[in-house]
Amino acid sequence: MKWTVLVCALPLLTACISMKNVKELPSELIYKPPVSDVSATIMGKMEPRHTKLVGDRIAYIMEIDGKRVPKDKKESYSDTWDNVYPLTIGEHTMTVTYRMAGHYTKPTKLSFTAEANRNYQLDFVTDIGTAWFSGD
């Protein structure tokens, strides 16, 4: 009887332990596009896989001016690479990351000055995933 209860309770307990504690960020910590004076945009970049062993290579934005970019609860930030984010003219600081086949780089801060009527896109150069013996 004890073993039956333990065997029945084990999947339930395992499910409770493995559930992620996902909390929503307060709205003041989420990036909100400017409502006026929108003059530039920025987005990430994705290059498709070159072999079956290597996944897509993605550069994506996590923060703009210290505020997290919005995403759905079930999305990861790398899924937002093709979102276009409106910007005002002037200095901006972004936190960006690169992902390939489940491997991530450390988030990096980039600063740039957005100019009027420009569309910006993250870019990267690497031969990782395109050759067996990478020089990068």
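Contact here means heavy atoms within 4.5 Å. This is a predicted model, where local features need pLDDT of at least 70, side-chain atom pairs count only at pLDDT 80 or more, and totals for chains, interfaces and linings use all residues. Residues are numbered from 1 along each chain as its sequence is written, and side-chain values use heavy atoms, with hydrogens and water left out.

**Exercise 1.** Work out whether Thr-80 is buried or exposed, and list its contacts beyond four places in sequence.

*Solution.* (Strands are DSSP runs of E, at least two residues, numbered from the N terminus.) Next, check the area: Thr-80 has a relative accessible area of 2%, so it is buried (buried is under 20%, exposed over 50%, partly exposed in between, with a 1.4 Å probe and protein chains only). Finally, skip the neighbours within four places: Thr-80 still touches Ile-61, Val-69, Pro-70, Lys-71, Glu-75 and Tyr-85.

**Exercise 2.** Find the loop that holds Asp-65 and say what its phi looks like.

*Solution.* Asp-65 belongs to the loop between β3 (57-64) and β4 (67-68). Its phi is positive, about 55°, although Asp-65 is not a glycine. Asp-65 counts as partly exposed because its relative accessibility is 38%.

**Exercise 3.** Now place Gly-66 and find how far apart it and Thr-95 are in space.

*Solution.* Gly-66 is in the loop between β3 and β4. At 51% relative accessibility, Gly-66 counts as exposed. Thr-95 is 29 residues from Gly-66 in sequence, yet their C-alpha atoms are 7.8 Å apart.

Note on methods
Helix = DSSP H or I, 4+ residues; strand = E, 2+ residues; numbered from the N terminus.
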